[in-house]
Amino acid sequence: MEITEVKVFPIDEEKLRAFVSIVIDRCFMVNDIKIINGRDGLFISMPSRRKKNGDFKDVAHPLNNETRRGLEDRILAEYAELTGEEVARRPASAKPQAAAVAPPRREPMAATAAVPSGEALQNVEQKHLSDSFWTVR
């Protein structure tokens with residue numbers, strides 16, 4: 001599996017730091033990944049839906065710790081590069097294995113300004129989904 005593209009949409013909030021979309025093997029996209037600032041550092045939260053009982057269930061997620069760590073490494077590296085922020089990560093629960101995700105391909109990416117804290121998340125999500133970068137042709 002190779003993450004062929006990463007697009008980061010920074011958010012100016014205390015806990016939610018960014019929305020992220022990734023493309024895997026140039027043929028499969030995952031939207032609505034979130035970068036969260038937890039008490040132990042930054043981590044990614046996979047896309048989820050609220051169930052009728054109020055709980056959340058991931059709609060897409062890695063099946064093992066090595067793949068999760070590889071996704072997190074790549075996404076947080078792109079976030080740090082875009083924002084210039086030093087990334088404090090939460091400690092790993094398992095040893096990462098470099099073979100899980102291929103190293104990033106460096107392609108030019110336009111900088112995205114942080115979203116003002118007063119802007120509704122629905123507006124940010126709409127901008128995120130309508131970005132021409134992800135338009136299917």
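Here's a quick briefing on the salt bridges in this structure. Keep in mind that the model is predicted, so local features need pLDDT of at least 70, side-chain atom pairs count only at pLDDT 80 or more, and totals for chains, interfaces and linings use all residues. Residues are numbered from 1 along each chain as its sequence is written, and side-chain values use heavy atoms, with hydrogens and water left out. The count comes to 4 salt bridges, where a salt bridge is a side-chain nitrogen of Lys or Arg within 4 Å of a carboxyl oxygen of Asp or Glu.

**The Arg-69 network**
- Salt bridges link Arg-69, Glu-72 and Asp-73 into a network.
- Arg-69 pairs with Glu-72, with the closest N and O atoms 3.7 Å apart, and with Asp-73, where that distance is 3.8 Å.
- Glu-72 and Arg-69 sit 3 residues apart in helix H1 (residues 65-83); helices (H or I, at least four residues) are DSSP runs, numbered from the N terminus.
- Arg-69 and Asp-73 are 4 residues apart in helix H1, about one turn of the helix.

**The Arg-74 pair**
- Arg-74 and Glu-78 meet through their side chains in a salt bridge, at 3.4 Å from N to O.
- These two, Arg-74 and Glu-78, are 4 residues apart in helix H1, so about one helical turn separates them.

**Burial**
- Buried means under 20% relative accessible area, exposed over 50%, and partly exposed in between (1.4 Å probe, protein chains only).
- Glu-72 is buried at 4%, and Arg-69 counts as buried at 16%.
- Asp-73, at 33% relative accessibility, counts as partly exposed.
- Arg-74 and Glu-78 are both buried.
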